[in-house]
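Please keep the sequence and the structure in view while reading.

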Amino acid sequence: MGKITGFLEIERHDRFYAPVAERVSNYKEFVVPLSEKDTRDQAARCMNCGIPYCHGTGSAQPGAPGCPVNNQIPDWNDLVYQSNWQEASRNLHSTNNFPEFTGRICPAPCEASCTLNIDDNPVTIKTIECAIVDRAWENGWLAPEIASVKTGQSVAVVGSGPAGLACAQQLARAGHDVHVYEKLAKAGGLLRYGIPDFKMEKHLIDRRVAQMEAEGVTFHYNSPVGGSAAGAVDPAELLKTYDAVALTGGAEAPRDLPIPGRDLAGIHFAMDFLTQQNRRVSGEAVSGDDILATGKNVVVIGGGDTGSDCIGTSIRQGAKSVTQIEIMAAPPEKEDKALTWPNWPMKMRTSSSQAEGADREFAVLTQSFAGENGAVKQLNCVRVDAKFQPIPGTEFVLEADLVLLAMGFVSPVKEGLLASLGVALDPRGNVSADLSHFTTSIDKVFAAGDMRRGQSLVVWAIREGRLCARAIDQFLMGSTTLPK
């Protein structure tokens, strides 16, 4: 694949970022693409591996090697090297509905499992993926794929995040009448309201929604399913109206920190903070009191991607200082490849937002919040050992005017939809659904994405949405030609 000796002749060269001072002045994407020649050169580095782990193993286990959607990476690398960009796009889209999303926000487990990563020199797979799909859009190669025959079957998809969108698009292309119910004003879920625009601008979602509408998908906005909110749709009505229902509402219940002082003003869940800013950027109305970092000492609790997004957003809002704390110990600077490769390794990573000017503290436990006049002013912290037990004598204080809780999500929200349906849950509180057929405890109701598997990656949501669509098509028609 690629140039036979390319990996020996060509050095790894990846996209780069606009300077910090320039990029933090706005909310636009700041990754600078490679030139066409550089992209082809990087694709030429793809080896003729005996076992290309970048494809993915098909395992649903966290940390499993390769691409969750099983992208045929060596194939489209070769096509890019040969300058056959249109065929590369066709190949890429055969496994991934939305490569412009994953080409921007996926952590790229494919690169971790690349054979060249044995010496820290993997093929720039994510960059090449993004270049393929961006070129496809620029050249008008992604026309709507309208089903030639309609099945007469109808499907309701609840939730328009990456799992719901992938599921809906696949089902529409199979000829079903697909209706997507979204509780918010626009489609995208976490993609639109959680991920900052500086990582992924929202026009990327809009053009996919337009493509899907042209393919026959109907979107119902401001239409929460279950509950008593204005415009709420009765889940029972969906079961009566549609031949199948797919639950793809995500895992939105955040992990809280119930310690003394939690009720002080200025302590917020990360997603409330991020959603507000995304609404401001898009021109949507912001509900509730403004959560702003401007001129404040900000402390982000949680070391993952959501915490990193809080850092970048706080810096752009003009925070006085930003500190990120994590209860886990600092990971090693470099993994032991003999033990980890081709699996996803635990090692120190610095995100673009962290590099913009945040202090990071590891092995830190917050014991309480303290404040003045009802507002948070400091965190009382302590260092912890490997078992997360406080180490006596290591107590310290962090000043804070704004605290953002970014400790992940525990499960789907139970109130409303899930409570109304009475669908069975697994021991972790997610919707219990068979991994082969995605069927729940209720007849003709299916579940996929974070609502079924728990908090995970966008690329896994796309994968599950596709598999769920295939299962629904099989259920409705007795057979299916939809790809995995």
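In the charge count used here, Lys and Arg are positive and Asp and Glu are negative, while His and the chain ends are left out. On that basis the protein chain carries 46 positive and 57 negative side chains, and the centres of these two sets are 2 Å apart. The model under discussion is a predicted one.

**Overall form**

- The protein chain contains 18 helices and 17 strands.
- For 484 residues, a compact globule would have a radius of gyration near 23 Å, and because the protein chain has 23 Å, its value agrees with that expectation.
- Buried residues make up 52% of the 484 residues in the protein chain.
- The protein chain has an accessible surface of about 20600 Å², and carbon and sulfur atoms provide 52% of that surface.

**Aromatic pairs**

- How many aromatic pairs does the count come to? The count comes to seven aromatic pairs.
- In one of them, the ring centres of Phe-30 and Phe-198 lie 6.4 Å apart with planes at 25 degrees; planes under 30 degrees apart count as stacked, so this pair of Phe-30 and Phe-198 is stacked.
- Phe-30 belongs to the loop between α2 (20–23) and β2 (31–32), and Phe-198 to the loop between α10 (190–193) and α11 (203–214), so the pair ties together parts that are 168 residues apart in sequence.
- Phe-30 and Phe-198 are both buried.
- Phe-446 and Phe-475 form an edge-to-face pair, with 5.4 Å from centre to centre and 70 degrees between the planes.
- Because Phe-446 is in strand β17 (residues 445–447) and Phe-475 is in helix α18 (residues 458–477), this pair ties together parts that are 29 residues apart in sequence.
- Phe-446 has a relative accessible area of 2% and is therefore buried, whereas Phe-475, with 39%, is partly exposed.
- Tyr-17, Phe-30 and Phe-198 are linked into a cluster by ring pairs.

**Helix α3 and its cover**

- Which residues of helix α3 (residues 36–44) are buried? They are Thr-39, Gln-42, Ala-43 and Ala-44.
- The elements that cover the buried residues of α3 include α1 (6–9), α4 (73–81), α5 (85–93) and α8 (125–138).
- As background, an α-helix has 3.6 residues a turn, so residues three or four places apart point the same way.

**Backbone features**

- As a general rule, most residues other than glycine have a negative phi, and most peptide bonds are trans.
- The peptide bond from Trp-341 to Pro-342 is cis, and its omega is near 5 degrees.
- Pro-342 is located in the loop between α15 (337–340) and β11 (359–362).
- Asn-373 is a residue other than glycine with a positive phi, near 55 degrees.
- The loop between β12 (364–372) and β13 holds Asn-373, and a relative accessible area of 85% means that Asn-373 is exposed.
- Phe-438 also has a positive phi, near 60 degrees, and is a residue other than glycine.
- Is Phe-438 buried or exposed? Phe-438 is buried, because its relative accessible area is 1%.
- Phe-438 is placed in the loop between α16 and β17.

**Two exposed loop residues**

- Ser-436 lies in the loop between α16 (417–421) and β17.
- With a relative accessibility of 55%, Ser-436 counts as exposed, since exposed means over 50%.
- Ser-436 and Val-410 are 26 residues apart along the chain, and their C-alpha atoms are separated by 24 Å.
- Ala-386 lies in the loop between β13 (375–383) and β14 (396–399).
- Ala-386 has a relative accessibility of 77% and so counts as exposed.
- From C-alpha to C-alpha, Ala-386 and Ala-363 are 8.2 Å apart in space, and the two residues are 23 positions apart in sequence.

Conventions. Residues numbered from 1 in each chain as written. Predicted model: local features only at pLDDT ≥ 70, side-chain atom pairs only at ≥ 80, totals over all residues. Heavy atoms only, no water. Helix = DSSP H or I, 4+ residues; strand = E, 2+ residues; numbered from the N terminus. Rg over C-alpha atoms; globule rule 2.2 N^0.38 Å. Buried < 20%, exposed > 50% of the residue type's maximum accessible area, 1.4 Å probe, protein only. Areas by Shrake-Rupley, 256 points an atom, 1.4 Å probe, with all protein chains shown as cover. Charge placed at Lys NZ, Arg CZ, Asp CG, Glu CD. Phe/Tyr/Trp six-rings, centres within 6.5 Å; stacked < 30°, edge-to-face > 60°. Contact = heavy atoms within 4.5 Å.
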